[in-house]
Amino acid sequence: MGSQENITWDVEEAGEIRVSSREHHYRSAQTLSASLLRTKSDPELVNKVRFRCLKNFVANLQQVIFGTKLIVLFPAIPAAIAAESYNLGRPWIFALSLLGLALLAERISFVTEQVSFYTGPTVGGLLNATCGNATELIIALLAIRQGKIDVLKYSLYGSVLSNLLLVLGSSLLCGGLANLYKEQKYDRKQADVNSLLLFLGLICHLLPLMFKYAIKPSSDLVQGSILQLSRASSIVMLIAYVAYLVFQLKTHHQLFEAQEEDEGNKETEEKPEIGISSGLVWLVGMTITIALLSEYVVGTIEDASTSWGISVSFISIILLPIVGNAAEHAGSVIFAFKNKLDISLGVSLGSATQISMFVIPLCVLVGWIMGISIDLDFGLLQTGSLALAILLTAFTLQDGTSHYLKGAVLCLAYIVVAACFFVQKLPTSSECL
């Protein structure tokens, strides 16, 4: 790849590899958002270790495990595994697994960024774009395997809704209050691109729903037609997402590069904190752990719903997205406080676009391969509220400026939608069988 020609590899005396690039290292808005929760390592602790292999292990452990402010959530991971092994209360397994996923979602963002130092800006950007919502993707795939299609649709719909209304709304609200007497501005070009793709995804969701109500007789033939339309639409959505990645990483990458530095500061050379081999090992290990905890979440969500007296739809649509992306969302709000709305918009709109145009159609096609019928008909209530959320977000971002009232309206809209699903009591597909 051409971008790798500009990367030089320097081997230092201590055996560490330093990568310097003449091109600006690509960092997505999601990566910058999660980086605010990271902590600096203590070099004195590493220097006290004599053996080189042990020193590298301690350094990696310090960076990957203890290099985040969310380290307080780490005990939830072994606690969830122990609770499952000893058959403790299934609601406890659900809650502990959810807390563990909140930590792992932030840590996998860090490891992906470290690996991208060695791959060049294009491949690094592709890694960040692919792993940005790894937790949601793994939960969705496990829901397909367990046949919980309702949980799959609810969680993905909730992720898009949470990013558009809650994350963006809270960022604009807090940023407007923190910069009360300043005019907050952002680049409309990036917002316009994401809004365009979200509207395309909305069309693909609306057509199966309208087709169902246009052909009133509910028969297997009609359901088969909706399924075929959904699969064709999913292929179109994935093609659009590939075009979006080319647009984002190659032809118009300058629109999406989130700059953390202030305008008066020059770029500083960024260095990886762990090696390429260590990064890949950690990436595989974290993916396996996320898959394990995600399986616990999917398998115990109905028991948690019964025990807590909360509907599965509310837990999947509201709780899962809030807890699963808490670190990334908190970073978005902090950047809004710093009057860096371009990064906040990149987090919220970028994640919503990825879920809508990549994760959802991918699940439809994976279900097709596995012989499981998954369509794009998310129901009248879900699709209607999603359409209103996209329209409200598009109107909010149309002028390139922001104030706290815009954020307050988006947050209040999210509260209304959350209240709607809180009072909704619908049986899941497994309960209907």
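Modeller: Take Leu345. Leaving aside neighbours within four places in sequence, Leu345 is in contact with Leu168, Tyr186, Ala191, Gly350 and Leu397; contact means heavy atoms within 4.5 Å. This is a predicted model: local features need pLDDT of at least 70, side-chain atom pairs count only at pLDDT 80 or more, and totals for chains, interfaces and linings use all residues. Residues are numbered from 1 along each chain as its sequence is written, and side-chain values use heavy atoms, with hydrogens and water left out.

Now the core. The largest nonpolar core has 95 residues. Such a core is a set of buried Ala, Val, Leu, Ile, Met, Phe, Trp, Tyr and Cys residues joined through side-chain atoms within 4.5 Å. Buried means under 20% relative accessible area, with a 1.4 Å probe and protein chains only. Leu345 is among the residues with the most contacts inside this core, along with Phe94, Leu152, Leu156 and Tyr157.

Step back to the whole protein. Buried residues make up 53% of its 433 residues. Among contacts between residues at least 6 apart in sequence, 82% join residues at least 24 apart. The protein has 17 helices and four strands, taken as DSSP runs (helices H or I, at least four residues; strands E, at least two).

Last, the cysteines. The structure holds zero disulfides, a disulfide being a pair of cysteine sulfur atoms within 2.5 Å. Cys411 is buried, at 15% relative accessible area.

Technical notes. Buried < 20%, exposed > 50% of the residue type's maximum accessible area, 1.4 Å probe, protein only.
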